[in-house]
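Colleague: Please take me through the terms used for this model, setting each value against its definition.

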Amino acid sequence: MSGRYVVQTFGCQMNVHDSDRMEETLRAHGWSPSDDVESADLVVFNTCSVRERAEQKLRSEAGKLAPLKARRPDLCVAVAGCVAQQEGEKILARMPYVDIVIGPDNIAELPALVLDHASGGVRVARTVFDLDAPRFLAAEPRRGEAPVSAFVTTMKGCDERCSFCIVPTTRGPERYRPSSEIVAEVARWVAAGAREVTLLGQTVDSFRDPELPPPASDDPDESQFPELLRAIARDVPGLVRLRYTSPHPRHATASLVAAHRDLGVLARHVHMPVQSGSNRMLRRMIRRYTREEYVARVFALRDARASQGEPLTLSTDVIVGFPGETEEDFEATLSLIREVDFTQVFAFKYSPRPGTPALKLGDDVSEEEKSSRLARLFELTEELGRAHLAGLVGTTQKVLLHGASKGKNGTFEGRTEQSFIVHVEVPEGLSPIGEVVEVTVDRAYKHSLAGSPTADALSRLRAVPPRKAPEKRRRLLPLAPEGH
C-alpha cells in the first residue's frame, strides 16, 4: 500500500529528528507527502509528553480529525512518539478515531502497520523498546537536497532519573549508537549539502561508544562524547559547524572543556540545563550536582573559548514552582541566572507527569504563584537578552544563513557562532542560503538582530552558484530539547 501522508510534530528536536526518519521510511515504501490532511491517506501525530501542555495539544489536534474520519473511514490516523509510548492502548480506548499507536523505537514498522490496518487489521498499539538490539534509523539524504542544518542522533533513552522527568519511561534506558555510524551519517549529510549538524541525545554528553572499551578515567562522570566530537572534526572536514543538545552538567568534564578549546568546528554556544539555582531544589529534583558545581563547569566551558578571544555563550532550562519551592529557592534561581548571564532561558512551570518520583512530593505551589514567578523570571531574562543583543550592534558576525526570513523580501535569516538569530538583507539575485556570511550588525530587535553583509562578503556571494532549496524548510528551532 502507498498513498499520501501528513506528519505533525510536537516537542523537541528529537521529535523533529524522529519525524524526519518516519517520513524517509514512508517514502521508501512509495508514500508521498500531502499538503493537507483533507487529501491525506495517513495522518501521524508525533508527540511529546515532557509537559502536560503537549498532551493537551495532541488531544485537541487529533480531535479535529474526528469529523474527517467519520466521512472517510479509510483515513488512517496514527499517534507516535512519547505520548504514544506512555499511554499505549489507552489512546485507542479514549480516541476511537485513532487506528495506530507507535512508540519511538517502532518507527520502522509504521508502513507495515498501516498496510495491515488497510487490509482489515485491528487497531493496534506497538510500543516495544529495542533493548536487546538497539536500532538507529540512519538518514540517507539526497545530494543537493539536504537542509542547511541537520540533526544526527547519537543515543536514545536516559539513565538520569530526575524526579520530574518522564523521559526514562517514554524513551527507555540509555542505548548508544556506534561512533562509526554517527560519523558516517554526519559525512553523508555534509556530502548532500548540509553545512551544520546538531548531535542529539537525551543526555548527549553521556555517550559511551559500544564499539570501544569504557573510557580510562577515575572520573565516574567521564564519557566518550569528547572523543566523538574529535572524530567528527577529524573525519568530516567539510562540516562548517557542529552543535549538540541537550547535555547534562554532570558530564561537562575537563575533556569536554578541552574539546571546546581545541575544535574550531564547535559552535561558540552551549545549552546546559540547570533547572534550579537552589541546592535544596536540585536535591529534590535528583539532578546530582550542586549549584556551585554547575557554575564551575559552565564557566570552565566559557573560559576554554575566551582564552582564544572567542567567548562562548550559554543558555539553559529552568523549572519554576517545583514541589516545595519557596520564595528563597526561587530567588536563588534568579541570582544564578544573573551570575551566569545566560543569553537565553527556556523556563516552564512544573507540571506533574505520570509515574515520576516527584508525584510523591505533591504539587504545593499554587498556579498563581507559578505564573507570578515565571513572569518575574521572564522579566529578568528579557532584560539580559536585550543587553546581549544591544552589545552586538556595530560588530561583525559570521552568520550561517538557513533560509529566507518569513515575510521579508530580500532578507535571509541565520545564526551566529554564538547562536544569535540574525536577519540579513541581501541584494536581489544573490544566493546566500548555506553560506557563512560576514555581517555588520545594524539593529537589535527583541529576540534577534539585523544587519548587512560586509563588502568582502558581498563579493564572495556574487561568485556563489544558486543553491537548490530543500523540499521542506524547517524554522530555526530553539537549540534546546525540553525538560532535561
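Modeller: I begin with the second largest cavity, to whose lining β11 (241–245) and β12 (269–271) each supply at least two residues; strands here are DSSP runs of E with at least two residues, helices are runs of H or I with at least four, and both are numbered from the N terminus. This is a predicted model, in which local features need pLDDT of at least 70 and side-chain atom pairs count only at pLDDT 80 or more, while totals for chains, interfaces and linings use all residues. Residues are numbered from 1 along each chain as its sequence is written, and side-chain values use heavy atoms, with hydrogens and water left out.

Colleague: What makes a space a cavity and not a pocket?

Modeller: On a 1 Å grid over the protein atoms alone, a cavity is a set of points where a 1.4 Å probe fits but cannot get out, whereas a pocket is an open set with protein on both sides within 12 Å along at least five of seven lines.

Colleague: Which residues line the second largest cavity, and of what classes are they?

Modeller: Lining residues have an atom within 4 Å of a point, and this cavity has 11 of them, with Arg243, Tyr244, His269, Val270 and His271 nearest its centre. They divide into 6 nonpolar, 4 polar and 1 charged, where Ala, Val, Leu, Ile, Met, Phe, Trp, Tyr, Cys and Pro count as nonpolar, Asp, Glu, Lys and Arg as charged, and the others, Gly among them, as polar. The largest share of the lining, 4 residues, comes from β11.

Colleague: How does the lining of the second largest pocket divide by class?

Modeller: That lining has 9 nonpolar, 3 polar and 9 charged residues. The pocket has a volume of about 300 Å³, and of its 21 lining residues Pro104, Asp105, Asp130, Arg135 and Lys156 lie nearest the centre.

Colleague: Why is strand β3 called largely enclosed?

Modeller: Buried means under 20% relative accessible area, exposed over 50% and partly exposed in between, with a 1.4 Å probe and protein chains only. In β3 (residues 42–47), 6 of the 6 residues are buried, so the strand is largely enclosed by the rest of the structure. Leu42, Val44 and Asn46 point one way and Val43, Phe45 and Thr47 the other.

Colleague: What makes β7 and β11 edge strands?

Modeller: The strands form an open, parallel sheet in the order β7-β10-β11. β7 (149–153) and β11 each have a single partner strand, so one side of each is left without a neighbour in the sheet. β10 (residues 196–200) pairs with β11 over 5 bridges, with Leu199 opposite Tyr244.

Colleague: Why is Lys406 called exposed?

Modeller: Its relative accessible area is 81%, so Lys406 falls in the exposed class. Lys406 is found in the loop between β15 (396–404) and β16 (411–416).

Technical notes:
Points joined across faces, edges and corners; volume = space filled by probe spheres on them. Pairing = 2+ DSSP bridges.
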